[in-house]
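Good morning, colleagues. Please turn to the structure on the screen, which I shall take one region at a time.

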Amino acid sequence: MITDKCKLVNNNDERGNYVVATNEIKVGELLFTEESFASIPLEFHNKEYCFLCCKQSEIEDTNENANPTTKEQQSNNNNKDNNSGSSSNNNKLIQCKFGCNMWFCSEICSNDMTHQLECSFINKFIESSIKNECDVSTCLLALRIIIKNKIESEKYQETVGKLSNQIEKFNETNKSFIEKYENNFQQVINQLQQENSDPSLLAIFNKDEFLQVVCSIYVNSFSGLSNDFNRKPISNGYFYKPALLNHSCEPNIFFTVKDRILEMRACKKIEKDQEIFDSYVDLLLPTIERQKILFNSKNFLCKCSRCSDSTEGERYLSSIYCFHCNDGVEFISPQIFYNSETKRLQENWKCSNTTNTCEFNKKKQNKRNRDKELVLLLSEIKEFKEFINGEDLLLNDVNLSTADQEMPIIENLLKRLLKYERDVLSRLNLNHQCWLMYHIKLSKIFEKLSLVYNNFDYLIQSIQHYKEMTRHVESIFKDSTSGELVDCYYHLGRINEKYLLSLIKQRNQFIQLKLQNQHKEDLDIEKLNVDIKNLLKFINQCYLNSYNHSVLVYGNNHSKSIQLNEMVLKSNLKSTDPSNN
């Protein structure tokens, strides 16, 4: 029994062990919580997160996309959902006094026995990891797990020590992965020996144990995300009970990590004795990308209903309008399979036309004999993805002081994006991943441009892309709930608030000019007030949708739910009387 709501079923066949519900579980119901055996912040050199417990320090948020509360509200929210157990009674940041120079939220964390033992090795592992192109946070987490095992061996053996590390499969399918971490470990040991380190300290480390822990981290760890509606990965934690759950790209649970505490809640209704599935991958990705991640880091291929269907359950994240049917109705989609000869994942494309008249389906589609138009379009899609993810579109250099000189560059970028929309995106299903990437990127670009150039048209375009982004995410999660939906509805409400302020400003300026008899053109104030009221209702509905999803995936007492509830009440109060603005 894992908890009173779910139990582990031991199974010896290919399926392996799995977890089922002991009773019916409602959407949003909490299955269990667990504190990690060990966690590590991903950005460990700055002061934003405690190096031990990963608690976020209360540094003032300067993110223009955030909707900040007052400092008092932030403090209250943090106190309400702080379950990290760091026991900090103040917000004073403390830098390590043992030599690694990392930052901590309290004396308790900075003086923790695990950190005292790991401290002298930290910078050595960082330097060696960078040299060997290993993930630094993974190596530091492995170091912490190995040392904590020596301190709390009984807890380790009863929990995370039981988890599979699949090192044999890594050796079979990704030998270079094992070799680089092996070289990394050996370089650290060689350096310690050259420095004539205390033999008792060197005895802590064992190469086989290090490699097993690294593999186990890749297979079993869980990421914590930022709390600012932007879903930025901020930590990596090593948990036991969550790692017992099998994967599906149609999961019925959703996990969140706050500091070192993981909460697992139902995102769909779960019947008694029904298997409980988590998702190990980003569900906004198409099947081929999800399968690659699972195959390379988890050593298996998913066989869920979504992965088994070329349309992904009519989500169409990879679907392309058929070149041969050319009717705007039929589309071709890829079925993903593993080629045992090449030991690689491959795509088998097929048109949705079932009448046997499509020329595309009549051809045998394989790697060597692919439709030329398909090959060309796939190449263009790859080029588009590289461009949309490129640094040029970050617009880091665009601000009020550089606005004029950057405008030609911006115009060229927008022209190139429009060309991609015309030549590439128009040939893809409207739910294709590229459209989602396009809307996400352009919603942010136009929002930034509207701020820098104070341009109303840019703001309108940003809103349209936020709407399409939300529609797209809704189509992916369908009858489920998720953190992605929380953030989409929040941002849709937030960007429309900016539009609302523009309308109110426009109305107030007209009234002021009218009083001074300086207005040059008429403005239908009554219609504008109706528009403002309707917009407030829409904003209120966005925040309400975001809040309802937040309560289900995070719970009532989470800071996001508290903040969103305040925004719902505020926008609902305004929407009753536009004259209050």
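In which loop is the place of C53? C53 belongs to the loop between β4 (38-41) and α1 (71-80); helices (H or I, at least four residues) and strands (E, at least two) are DSSP runs, numbered from the N terminus. Before I continue, this is a predicted model, in which local features need pLDDT of at least 70, side-chain atom pairs count only at pLDDT 80 or more, and totals for chains, interfaces and linings use all residues. Residues are numbered from 1 along each chain as its sequence is written, and side-chain values use heavy atoms, with hydrogens and water left out.

C53 has a relative accessible area of 0% and is therefore buried, a term that means under 20% (1.4 Å probe, protein chains only).

I turn now to the aromatic residues. The whole structure contains 26 aromatic pairs; rings of Phe, Tyr and Trp (its six-membered ring) pair if their centres lie within 6.5 Å, with planes under 30 degrees apart counted as stacked, over 60 as edge-to-face and the rest as tilted. F125 and F205 have ring centres 6.1 Å apart and planes at 50°, so this pair is tilted. F125 lies in helix α3 (residues 113-131) and F205 in the loop between α8 (199-202) and α9 (207-220), 80 residues apart. Both F125 and F205 are buried. An edge-to-face pair is formed by F254 and Y554, at 6.3 Å centre to centre and 80° between the planes. This pair joins strand β10 (residues 253-258), which holds F254, to helix α18, which holds Y554, across 300 residues. Y554 is buried, at 8% relative accessible area.

Definitions and conventions:
Buried < 20%, exposed > 50% of the residue type's maximum accessible area, 1.4 Å probe, protein only.
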